[in-house]
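Here is a quick tour for anyone opening this structure for the first time. Take a look at the model, then read on.

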Amino acid sequence: MFTIQQLYERLTDEEDARICKDIPDEACAEVPSNFLLILFSQFLTKLGDAIASPKVVLPWVLNAISSPLYLVAFLVPIREAGSLVPQLIIASYVRRLPLRKWAWVAGSAVQAVTLFAMGLVAILFQGALAGWLLLMLLVLFSLARGACSVASKDVTGKTIPKTKRGQLTGWSASAAGFVSMGIGLGILFSTQPVSSPLLFGVIIMLAGLLWVTAAIAYGRIQEVAGATEGGGNALDEAIERLDILRTDRAFRRFVLTRSLLLCSALTAPFFVSLAQQRLGSPTYLLGLFIAASGLAS
């Protein structure tokens, strides 16, 4: 049985596992436990993302509850823009908290509640009403995710040495992808139909439980209180951050290039819808999509 220190050294590299860089000295002793807690939390949320994916699972749910097809077009834009754009303003408010982990915990709790609500909508409602309710809940989910994203960067910066942060992200993404691939293969070889709204509702609510567990784990992180000054006016700082698009030519080209690559994300739900139109909603089809997404991760 590995100790926390031994497991940390196994997951990172043994030569410099005890090196403490770019974080407060008082946080050094807690690096192994904090690393594992953040890793576990990120793994759970990434796995939840796979189970309730707006690119794969939610389009399937909209079809199962007979929602209008055009609503599929809103899923990815809401999911991505809803979590990224508000960060320009949210960051200033999170900055005012001495312990930013609680912003992550609160955001995860909100995401869990919205997923529970999505599950109930899938079970209790049908048609356009159900589709629009799911989109409204997805907006709330994405806003809470934005708060988590801002807080996560700050907490990681205060608790994990710079040389270990890439490994942290890599392990969580790879592990979640591996497990979600297993879930997809399990559905692929299942003999049970997956077109039941009740089953979809239960699956989405199970994803919500993953966020609850992640919030509990994240709350146990030993975080050193950070500076709260210099937050400034949220709207003014948001405008200043956007101004870099005008003043920095290289950065502007980078953002433009990334924006043009959005087509790969925006079109994913349509692949699911087209496959359902051509092949119906057999069990193996959803399993294949989830497994492919997990394999890519």
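## A serine in a loop

Let's start with Ser67. Its relative accessibility is 11%, which is under the 20% cut-off, so Ser67 counts as buried. Keep in mind that this is a predicted model.

Where does Ser67 sit? You'll find Ser67 in the loop that links α3 (57–64) with α4 (72–84). If you skip the residues up to four places away in sequence, Ser67 touches Leu62, Gly127, Ala128, Ala130 and Gly131.

## The overall build

Of the 297 residues in the protein, 46% are buried.

How much of the contact with a separation of 6 or more comes from residues 24 or more positions apart? Those pairs account for 86% of such contacts in the protein.

## Inside the core

The largest nonpolar core has 66 residues. The ones touching the most other members are Phe35, Val61, Leu115 and Met118. As for helices, α7 (residues 127–159) gives the most to this core, with 11 residues.

Leu115 is worth a click. Setting aside its neighbours within four places in sequence, Leu115 is in contact with Ala52, Phe141, Ile204, Met205, Ala207, Gly208 and Trp211.

Notes. Residues numbered from 1 in each chain as written. Predicted model: local features only at pLDDT ≥ 70, side-chain atom pairs only at ≥ 80, totals over all residues. Heavy atoms only, no water. Buried < 20%, exposed > 50% of the residue type's maximum accessible area, 1.4 Å probe, protein only. Contact = heavy atoms within 4.5 Å. Core = buried A, V, L, I, M, F, W, Y, C linked by side-chain atoms within 4.5 Å. Helix = DSSP H or I, 4+ residues; strand = E, 2+ residues; numbered from the N terminus.
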